[in-house]
Amino acid sequence: MIRLRNVTKIYNKTYTAIHRLNLHISKDEFVFLVGPTGAGKTTLIKLILRDILPDSGNIYIDKVKTREFNEKQVSKLRKNIGVIFQDFKLLNRTVYENLAFVQKIQGEKKKTIKENIDRVISLVGLENKLGFYPYQLSGGERQKASLARAIINSPHILLADEPTGNLDPDASWEIIQIMSKINMANTTVVVATHDKTVVDLMRKRVVAMHGGVILRDQQLGSYHEF
Amino acid sequence: MNFRIIKFFIEESIISIKQNLLMSLVSIMTVSVSLIVLAAFTLLFININGTIKNVSNNLTLTVYLDKNITTTGISKVQDQLMLVKGLNGMTFMPKEEAWRNLKEKFKYQSDVVGLITNNPLPDSFTLKLASISDVDKMVKELNLIEGITDIRYGKGVVSRIRRFVQIFNYGGLAIVGFLLLATFLIIINTINLTILAKRKEVEIMKLVGATNNYIKWSFMLEGFIIGFFGSIIAIIFVNSVFKIVTINMQTYFPFIGLYSKNVNMLALSSLLLVIGLFIGILGSSISIHVLLKSIIKK
């Protein structure tokens, strides 16, 4: 599903964020990327999303090299990859409008938009907050809205960059549980996180990074190596 | 591009304007003010140009005939004058009438005029010129006509007016050009600020799969709306003020000729609308192009 081969990313020609990294994530896997700040987790998420390009090496999504994608292919790729961030990145519009926006870009019919919103909003449990603006929601609710937006196109991959970074433990656990449900519905999930509790409780594959390289890749792993 | 997408672009532009209402209003007002200044200068230019033309058109030239010229000689001169190109009419002034006029003019100095017993004035023709541009050539031609002894006209005034017209035309065009450029730059800068304020929004749009063209279209439509409303305000303002000024000038200063009252205000309004739309669309497309480039480069 996702394959990185000898991927290196250097910022400003001086700082190596990712160094000759090789990684394979299979279809429907749930993977935690862990490691200290500056380990390269966010860069890895951005590379998969093709928000940035590697300086060397290649990234394949479904065996297709993303480096050579033109603008339309990138746009198509992003419709198949849902993404959420620590800072939610919601438009300053109601939850409904945030979710509708993604669908409208694709020229979906009003009826389909409504059906899709109903489907995802019940999954994240925000049925009563559709008319709310992001500033009227709690951190956990904002992340749920962001998550609903990320999955509205039924993507094959869901990327999450520190999704619980701004949330209390209960809200964090709720978000991770929803992501687990999404994973069970045949979506590959990659989560970059510092949240030790969540990683240890989930017992999923853990890829530990440091200084742009993978130190540990463990099935049913934990935050720290025992 | 289907109807749903077009509807989406329109909705997006309206949402965007509403969300950044203050910046959008600033952009609209910048377009309006710039276009009003441009229109005001154009009307001023038309008025000054009209005044100059009026002065030029009223310029006359007087040719004095030989003192001993006969009636036949006068007719001959008149026939030849009629062949001269660039004349808008002529009036003959017999020396007797000229002498009467002079005496009338100096009736309170009759003691001085009384010293002159014989009429010293010659017969003359006053020629009305169609244009001052060929006056030198005309004078040369008139000098060749037998019976004409002297030609008088405001030579200095003519050359000064001619020079002023030249400078005013070139200078006016240059000022209109600079005003257009300034208008364009101010509007681009304002729209640029409006769009830069939406950097986060554009980044999110790209993250959820919007193509560059998609983003460009919705922002260009926003530029179109800003340009449209900006020019409509300018058109309403210019037309209203123009009407008020024209009416008041005719009422209170009827002796001042307003040349711009003959201006086709529909044409001027259309021009303002076209300029407003053009700079609105161009300004937003340049700004969004720069913004997208910076987002891609990061």
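How many residues of chain B are in contact with residues of chain A, contact being taken as heavy atoms within 4.5 Å? In this predicted model, local features need pLDDT of at least 70 and side-chain atom pairs count only at pLDDT 80 or more, whereas totals for chains, interfaces and linings use all residues. Residues are numbered from 1 along each chain as its sequence is written, chains are lettered from A in the order in which they are written, and side-chain values use heavy atoms, with hydrogens and water left out.

The interface joins 21 residues of chain B to 22 residues of chain A. Between them the two chains bury about 2,100 Å², 58% of it on carbon and sulfur atoms, where buried area is the accessible area (1.4 Å probe) that two parts lose on being put together, summed over both. On the side of chain B, the residues that lose the most area to chain A are B:Arg4, B:Leu207 and B:Val208, which together account for 30% of what that side buries.

Across this interface the rule finds 3 salt bridges, each defined by a side-chain nitrogen of Lys or Arg within 4 Å of a carboxyl oxygen of Asp or Glu. B:Glu201 forms a salt bridge with A:Arg93, with 3.4 Å between the closest N and O atoms. Helices, taken as DSSP runs of H or I with at least four residues and numbered from the N terminus, contribute to the side of chain B that touches chain A: α1 (3-19), α8 (199-207) and α9 (212-252) of chain B each supply at least two residues, and α1(B) gives the most, with 7 residues.

Terms used: Contact = heavy atoms within 4.5 Å.
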